Amino acid sequence: MNSFVHKTLVVELQAGVAERFPVLAHLSYDPSDPFAVTVVFSHDGRVLARWQLDREMVAEGLTRPVGIGDVRLRPESRGVGRELRMEFLGEAHADGGRHHAVVFVWAETVGEFLRETRLVVPPGSEEVRVDDFLADVLTGN
């Protein structure tokens, strides 16, 4: 059984004051890193950004604002649908500002993805392999 969960979807990216434009988002979940969800944003075959997010933070972001650092999530309503607003702060500009992007994704789609991850590794049953992690750190992997 393949326990890796993956979903590709079209989201809307808003960078700065520009209008929203569509990009692909590739959501993935690997049970060997049970607390994390990876999202890769791409456009025209080029990777724009890759972020690793806390799975429960993403789930909480569907219902209330979360995050105080480089990633902030919150639910938003748009017309008849609900969106998850994902705000990302990146590297610093020369002028002291930071790269800033906002991604909007249909909340229902994110919820479906999270349900699939919970079938693979239910919350509370995550295993942390500290010994494997320490061995990797000590050997430089």
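Me: How do the residues lining the largest pocket divide into nonpolar, polar and charged?
Reply: In this predicted model, the lining has 9 nonpolar, 3 polar and 1 charged residues, where Ala, Val, Leu, Ile, Met, Phe, Trp, Tyr, Cys and Pro count as nonpolar, Asp, Glu, Lys and Arg as charged, and the others, Gly among them, as polar. Residues are numbered from 1 along each chain as its sequence is written, and side-chain values use heavy atoms, without hydrogens or water. Local features need pLDDT of at least 70 and side-chain atom pairs pLDDT 80 or more, while totals for chains, interfaces and linings use all residues.

Me: Which lining residues lie nearest the pocket's centre?
Reply: Of the 13 lining residues, Leu48, Ala49, Trp51, His99 and Ala101 lie nearest the centre. Strand 4 (46–54), strand 6 (81–92) and strand 7 (98–106) each supply at least two residues of that lining. A pocket is an open set of points on a 1 Å grid over the protein atoms alone where a 1.4 Å probe fits, with protein on both sides within 12 Å along at least five of seven lines, and lining residues have an atom within 4 Å of a point.

Me: Which residue in strand 4 is the bridge partner of Val39?
Reply: Val39 has Trp51 as its bridge partner in strand 4, and 8 bridges join strand 3 to strand 4, which run antiparallel. In their hairpin, with 2 residues between the strands, Asp44 takes a positive phi near 55°. Strands are DSSP runs (E, at least two residues), numbered from the N terminus, and two strands pair if DSSP finds at least two bridges.

Me: What joins strand 2 to strand 3?
Reply: Strand 2 (residues 21–29) runs antiparallel to strand 3 with 5 bridges, and Ala25 has Phe41 as its partner there.

Note on methods. Helix = DSSP H or I, 4+ residues; strand = E, 2+ residues; numbered from the N terminus.
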